Amino acid sequence: MFGGYNKGPSLQEQQMQAMMEQRQMKDFMKMYVKLVNNCFDDCINGFEEKNLTDNEIACTRKCTQKFMKVNERVGARFSEEHQKMLESQIQQ
Amino acid sequence: MFGGMLGAGNKDSQQPAAPAQPGGFGMGGQPSYQNPQAQMAAVEQEMDVISDFFERLKDSCNAKCIINKYPDGELTKGESVCLDRCVSKYFQVNKEATDVLTKLSQLQQR
């Protein structure tokens with residue numbers, strides 16, 4: 001489908017690849033920003049001192065772990081449902 | 001590969017590069033494009049829609065299911081089940097909405 005037999009990747013393929021990489025980076029940054037914001041909101045409530053308290057640090061770490069687990073699980077379910085949806089559309 | 005599945009989203013992110021699909025909800029798979037640039041723009045647009053859909057789904061299900069805030073870094077059993085069901089329901093709502101919109105647009109075309 002793409003390009004010739006013994007040539008390298010075609011220009012279009014290269015462009016597509018670059019686009020995918022850019023997108024992955026962007027998605028990761030989006031997730032990261034959300035993680036920090038989410039865990040800040042959930043774990044940091046008082047401003048009696050300048051530094052994080054021990055409790056806040058512990059909460060932040062657990063929050064980060066849990067956030068990643070949610071991400072993983074929702075991502076897995078999402079791909080399954082998405083796949084199902086594509087298959088049912090092809091059948092129509 | 002990304003045969004126009006969340007087609008309803010095309011409406012709010014219209015790009016001139018991607019020709020409007022008949023019916024507007026892209027149910028019929030990927031139309032063919034004359035030039036690769038237009039095709040890539042279409043794929044990119046499609047991915048924008050998917051990624052937006054995913055982000056919103058994640059935000060919603062996170063807010064609805066994660067109640068037990070951080071006794072440890074693990075998902076509880078209940079939260080895991082809730083997340084699974086939440087994703088499933090989100091897709092079902094999407095399907096219902098798409099069906100209604102498709103019907104409406106078919107009526108309008110007559």
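**Exercise 1. Find the annotated domain in chain B and describe its secondary structure.**

Step 1. Start with the record. An unreviewed UniProt entry carries the annotation "domain: Tim10-like" for residues 39-96 of chain B.
Step 2. Turn to the predicted model. Over residues 39-96 of chain B, 81% of the chain is helix and 0% is strand.
Step 3. Look at the two ends of this stretch. Their C-alpha atoms are 28 Å apart.

**Exercise 2. Describe the contacts and burial within chain B.**

Step 1. Take contacts between residues at least 6 apart in sequence. Of these, 63% join residues at least 24 apart in chain B.
Step 2. Now check burial. Chain B has 110 residues, and 22% of them are buried.

**Exercise 3. Work out what chain B brings to its contact with chain A.**

Step 1. Count both sides. Chain B gives 27 residues and chain A gives 23 residues.
Step 2. Find the elements on the chain B side. Those giving two or more residues are α1 (36-65) and α2 (77-109) of chain B.
Step 3. Pick the main contributor. α1(B) gives the most, with eleven residues.
Step 4. Sort the chain B side by residue type. There are 14 nonpolar, six polar and seven charged residues.

**Exercise 4. Judge the predictor's confidence.**

Step 1. Read the average. Chain B has a mean pLDDT of 77, and 70% of the residues score at least 70.
Step 2. Over residues 1-29 of chain B the pLDDT is below 50. In the model, this stretch still has 58 contacts beyond near neighbours in sequence.
Step 3. Read the overall scores. The model has ipTM 0.80 and pTM 0.75.

Notes. Residues numbered from 1 in each chain as written. Chains lettered and ligands numbered in written order. Predicted model: local features only at pLDDT ≥ 70, side-chain atom pairs only at ≥ 80, totals over all residues. Contact = placed C-beta atoms within 7 Å. Helix = DSSP H or I, 4+ residues; strand = E, 2+ residues; numbered from the N terminus. Nonpolar A, V, L, I, M, F, W, Y, C, P; charged D, E, K, R; others polar. UniProt positions renumbered as here; feature names shortened; annotations may be inferred. Buried ≥ 20, exposed ≤ 12 C-beta atoms within 10 Å, placed from the backbone. pLDDT = per-residue confidence, 0-100.
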